[in-house]
Amino acid sequence: AGDCEDYALVKLWSLALLGVDPDTMAITVVYDVPRRSHHAVLTVAAEGGVLALDSSHAVVAPLSATPYRPVFASGPAGQAVFTPAVQSAGLRGTVN
């Protein structure tokens, strides 16, 4: 078994090998509001918005439709910190 970060990395590499532009993907650390903990998912920028590929759920969903609030993201295109999420999450919990 692996950590959520491991699953997100394998998904990034796999999709890149299949031809998805790496610049559209990022490993995103999110705050899971109901569980009050941090988690990592692969996010992919698509025409309809940002999709979350999550090892905890079998369905690919828009990030905005999940209980997650992005904290920071890192990918081939660079890094981003989402300040409101950091403040509202209070950086409590652990990375799962």
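Strands are DSSP runs of E with at least two residues, and they are numbered from the N terminus. We're working with a predicted model, where local features need pLDDT of at least 70, side-chain atom pairs count only at pLDDT 80 or more, and totals for chains, interfaces and linings use all residues. Residues are numbered from 1 along each chain as its sequence is written, and side-chain values use heavy atoms, with hydrogens and water left out.

**Exercise 1.** Find where Gly48 sits, and decide whether Gly48 is buried or exposed.

*Solution.*
- Step 1: Look between S2 and strand S3 (49-53); Gly48 is in that loop.
- Step 2: Check the relative accessible area, which is 85% for Gly48.
- Step 3: Apply the cut-offs: buried is under 20%, exposed is over 50% and partly exposed is in between, using a 1.4 Å probe and protein chains only. So Gly48 is exposed.
- Step 4: Now look along the chain to Pro62, 14 residues apart from Gly48; their C-alpha atoms are separated by 8.3 Å.

**Exercise 2.** Work out where Asp32 lies, whether Asp32 is buried or exposed, and which residues Asp32 touches.

*Solution.*
- Step 1: Pick out strand S1, where Asp32 lies.
- Step 2: Take the relative accessible area of Asp32, 4%, so Asp32 counts as buried.
- Step 3: Skip residues up to four places away in sequence, and you'll see that Asp32 touches Ser37, Pro67 and Tyr68. Touching, or contact, means heavy atoms within 4.5 Å.
- Step 4: Follow the side chain of Asp32 to the backbone nitrogen of Arg35, which the side chain reaches at 3.3 Å.

Note on methods. Helix = DSSP H or I, 4+ residues; strand = E, 2+ residues; numbered from the N terminus. Polar contact = N/O pair within 3.5 Å; in protein donor to acceptor, adjacent residues only side chain to side chain.
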